[in-house]
Amino acid sequence: MLDWLIIGGGIHGVHLAHVLIHKQGVPSDAVRILDPHERLLAAWSSRTANTGMRYLRSPLVHHVDLHPASLQRFAQDLETAPSDLWIEPYSRPSYALFQSHCQHVIDTYLLDRLHIRGQALAMHRVDGGWCVETESASITTQRVLLATGRQQLRLPDWAEPLIAQNASIQHVLDSAFESEHFGDTSTVFVLGAGMSAGQIALKLMSDHAVTLITRQPLRHQDFDSSPCWIGPKCLDAFGQANYQERRSMIDEARQPGTLSQDIYADARAAVQAGQMCHHRSEIIAADVTDDRRIVLTFVDGTKRIADHVVLATGLQPVPPEQTWLADAIARYRLPVAGCGYPILDSTLRWAEGLYASGPLAELELGPVAANIAGARAAAERLRQI
Ligand SMILES: Cc1cc2nc3c(=O)[nH]c(=O)nc-3n(C[C@H](O)[C@H](O)[C@H](O)COP(=O)(O)OP(=O)(O)OC[C@H]3O[C@@H](n4cnc5c(N)ncnc54)[C@H](O)[C@@H]3O)c2cc1C
């Protein structure tokens, strides 16, 4: 029987496995990471590569290794000018640097040897722990750590029927996203106001006629929630609130649909220089023409035609009761708040031998739970077990 089975091989699963083994001394052969992809970090890597990310939104101290200065030291050992490795303010690492550092940590600590390829489909209690069922195996473990992140793409209502008709509407965070087939002169509408939208619009505009469609004006915000949520300044009041209040505090703290300073400045400059268009409105309907072009109808009744539509509308939060965990929640009466999310204790324990990180730990860790900072905060809590 394993000591720990971590379900999910993303940033959270990888960091927490590393912490358990190399900080808390759990033997490496007693820890495994279950993830369906060929490689660890695959979901993160494909989504971020699709957007054309140049710099992370988070600072240099947020990464998968143990010591906060690890990424900075790794950068200093490279013979590259610092200006190519991170961007100020807040020392945000370049995507290339962050990715090489992740691979360096995985290789150095042999973390890929922990990977079991598979998808958790169900789990039930056994003597001394849990048994997790995949399509091909039953894995028994004393403790399970859920690090499954968010996986469901957020699709506007009008888009779903057209995608079913094979219209050229793709979500940029879809692992199957590809823009290579877009013809050189094609018209591309990018929908969304956040980082993914800004980045993919800037990436595509060199070869295509791009229009960025946002409901709001473009807005600048350095982070997707205030850094005060990493420390006691905001978290003390959060910890004293009830779960309904915590959910409201999380919703209020988040700044979706905002751009970091560099992307904001580049997008505005591109619009001013006529390199891309910005249309502020809301799409209420869409249709496909006989020659497979997409007609978008806006809230003011106007219509526009695109060859391709790229949705950069983020990932959909899905409460665990609507996932493969539904049966375990019902059978073992795992506590959930009114919003459907787990009620964990301060060590992120949901039940005997069952722990959670990422979005599932939001009501304990606050608005940064799903971010890289959330993985590091989760590690601190798990250390108290
Ligand atoms: C484009 C983009 C850019 C971002 N940039 C930043 C940034 O700069 N800084 C920052 O802090 N955050 C950023 N984020 C937020 C980011 O998603 C998180 O920081 C990080 O990827 C979350 O890691 P995770 O491990 O929770 O989730 P994921 O990376 O989604 O990994 C979860 C893994 O669990 C697997 N899984 C799910 N269900 C099961 C199951 N039943 N069985 C087995 N495996 C399962 C999934 O397949 C996936 O591989 C960004 C997000 C996106 C989409």
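**View 1: The salt bridge between Asp266 and Arg54.** Asp266 pairs up with Arg54 in a salt bridge, with 2.8 Å between the closest N and O atoms (a salt bridge is a side-chain nitrogen of Lys or Arg within 4 Å of a carboxyl oxygen of Asp or Glu). Between domain 1 and domain 2, the count is one salt bridge. This is a predicted model, where local features need pLDDT of at least 70 and side-chain atom pairs count only at pLDDT 80 or more, while totals for chains, interfaces and linings use all residues. Residues are numbered from 1 along each chain as its sequence is written, and side-chain values use heavy atoms, leaving out hydrogens and water.

**View 2: Where domain 1 meets domain 2.** Domain 1 covers 2-55 + 97-150 + 317-382, and domain 2 covers 153-219 + 257-315; these bounds come from an automatic or database domain assignment. Here, 11 residues of domain 1 touch 15 of domain 2, where contact means heavy atoms within 4.5 Å. Together the two domains bury about 1000 Å², with 48% of it on carbon and sulfur atoms (buried area is the accessible area, with a 1.4 Å probe, that two parts lose on being put together, summed over both). Look for Asn50, Thr51 and Arg54: they supply 53% of what domain 1 buries against domain 2, more than any other three residues.

**View 3: Around the ligand.** The ligand has 33 residues around it, and the closest are Asp35, Arg57, Ser58, Ala120 and Ile372 (a residue counts as near if one of its heavy atoms lies within 4 Å). A polar backbone atom of Arg57 sits 2.8 Å from a ligand oxygen, and a polar side-chain atom of Trp324 is 3.2 Å from a ligand nitrogen.

Conventions: Polar contact = N/O pair within 3.5 Å; in protein donor to acceptor, adjacent residues only side chain to side chain.
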